[in-house]
Amino acid sequence: MTRLFVAASPAGLLAMTAALDAGLLAGRGRRILLLAGAAPVPGQAPALGDVPGFAALARRYDEVIDLAAEIAPLHPAGWSPPAEELPLFARLLRRAWGLGGGPVELVTESVARHPGRALSLIFHDAPLTVCTPDLTAYGPTMEPLPPGVGGRIRALVHLDLVPGLAPLLLAEYGIDVEVIAEDAWRGVAAELSPPVLPPETAVILGPPEDARCLDMVRGAVGSGHSSVVFVPCDGIGPGTAPGSARRLAEEAARLGARLVVAEQADPPDLWFAGKEPPALVAGASGGPLLRAARLFGLPVACAEAGRLLDRLPRYEHPDRVPLTLLDAALPELTSTGEMVPPPAVELRTLIPAIAYCMRATVHAGLRRETEAYLTEIADGPLTRYFSRTRLDELRLLMPPPEDRPPPSEPSPRPSGGRLGARLRRRPTG
């Protein structure tokens, strides 16, 4: 048996390596790590081989192959071979990688997106394991899988970042769900050679050209942090927007603080695992924020997750569940440094109700629970998480118009308890 580990992001690489260390992907056979950096715009994100500590991570694998180099001039993110070319690619890749005619197993971050989708079709009889560090694990499967793919999925391997909330990704295929041990993730992150941070350092996660990042810098300094590290996320590095990164540094200096821009290849977890961890982690990147809170016990805050929710172009957008989890579970950092607490909400009922509204035909069994939940919150601020148009389409309870702000305005943040505190678990040992 040869297992192909298809890593499309630094977090995906960490997830697969931590799952290996935790024994979830144990088994005899050859291990090939396929580096398949799938940034939306090729060349804007660093190569996965440039991740700090990569050599230490790569020791778990028998061989490392750059998938982009193998299929050039095609790019992993847009690689979609037509059906008639699949057998050709199968023969070529088996020969190039020394697979012969032996069995192959695929471990990939996604079977719905490329390159995992393409490889699952090329190796048409390979068992599949989906290993994801993302909050999309808690949302519904957003794209129908090609015929024959769903039945080959063995398990969903993920991080339990929201205790008590069951993942819905691929649940319609009746697969097993396995959880990566927290200690395994922390151990892998520690191999990235975390830096020592000055006291009262805030880490900000986000794309540098986004105006929200200026407000996050102001909020971090306003809440008492004299040192700020800006970590580019979402596949965009400071090298692509030097003017934006410079504006962030200038704004921090104007406020009496010092700002450092992290290297493009630095995964956010690098900054969480040091002996002197940050005093605050803020941003709108859901996976890293909840990993900082849940796995490393760090204070975290989101930034305008509600506004981003309002701007999603369609209700069934794959970012809906991750952004809702941020908005509903974490305090919000304002530009003045104030921490606005999250609403008092039970995620175990809110998220399944949203998932039903996103994919009602797939999760028809959630309708009764959704009806009961909408009835319960019909006169409250939590109706902001539901589209009146979508509820009307599904013939569900429609929230009163006065509870919804005009579409052009950001939704006001509901007040309530600090549910985010429940996500923070200090590492033991």
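## Salt bridges within helices

In this predicted model, Arg254 is exposed, with a relative accessible area of 57%, whereas Glu251 is buried, its relative accessible area being 11%.

Glu182 counts as buried because its relative accessibility is 16%, and Arg186 counts as buried at 13%, the cut-off for buried being under 20% relative accessible area.

## Salt bridges beyond these pairs

The structure holds 17 salt bridges, including one in which the side chains of Glu346 and Arg348 meet at 3.1 Å, N to O; Glu346 counts as partly exposed, with 34% relative accessibility.

## Packing of α12 and α13

Helix α12 (residues 347–358) and helix α13 (residues 367–377) have axes that come within 9 Å and cross at roughly 115 degrees, and the crossing of α12 and α13 is left-handed. On the α12 side the contact involves Thr349, Leu350, Pro352, Ala353, Tyr356 and Cys357, which meet Arg367, Thr370 and Tyr373 in α13. The residues of this contact divide into 6 nonpolar, 2 polar and 1 charged.

Val362 is placed in the loop between α12 and α13 and counts as partly exposed, at 27% relative accessibility. Although Val362 and Thr141 are 221 residues apart in sequence, their C-alpha atoms are 8.6 Å apart in space.

In soluble globular proteins, nonpolar side chains tend to be buried together. The largest nonpolar core here has 86 residues, and those with the most contacts inside it are Trp271, Val281, Leu325, Leu347, Leu350 and Phe386. Helix α12 supplies the largest share of this core, 8 residues. Apart from this core lies another, of 34 residues, among them Ile32, Ala90, Leu93 and Phe123.

Within the largest core, Val281 is one of the residues with the most contacts; leaving aside residues up to four places away in sequence, Val281 touches Val203, Leu205, Phe272, Leu289, Ala292, Leu298, Pro299, Val300 and Ala301.

Notes. Residues are numbered from 1 along each chain as its sequence is written. This is a predicted model: local features need pLDDT of at least 70, side-chain atom pairs count only at pLDDT 80 or more; totals for chains, interfaces and linings use all residues. Side-chain values use heavy atoms; hydrogens and water are left out. Axes are lines fitted to C-alpha atoms, for helices over the stretch in contact, and angles run from 0 to 180 degrees between N-to-C directions. Helices (H or I, at least four residues) and strands (E, at least two) are DSSP runs, numbered from the N terminus. A crossing is left-handed if the near helix is turned anticlockwise from the far one by less than a right angle, and right-handed if clockwise. Contact means heavy atoms within 4.5 Å. Ala, Val, Leu, Ile, Met, Phe, Trp, Tyr, Cys and Pro count as nonpolar, Asp, Glu, Lys and Arg as charged, and the others, Gly among them, as polar. Buried means under 20% relative accessible area, exposed over 50%, partly exposed in between (1.4 Å probe, protein chains only). A nonpolar core is a set of buried Ala, Val, Leu, Ile, Met, Phe, Trp, Tyr and Cys residues joined through side-chain atoms within 4.5 Å. A salt bridge is a side-chain nitrogen of Lys or Arg within 4 Å of a carboxyl oxygen of Asp or Glu.
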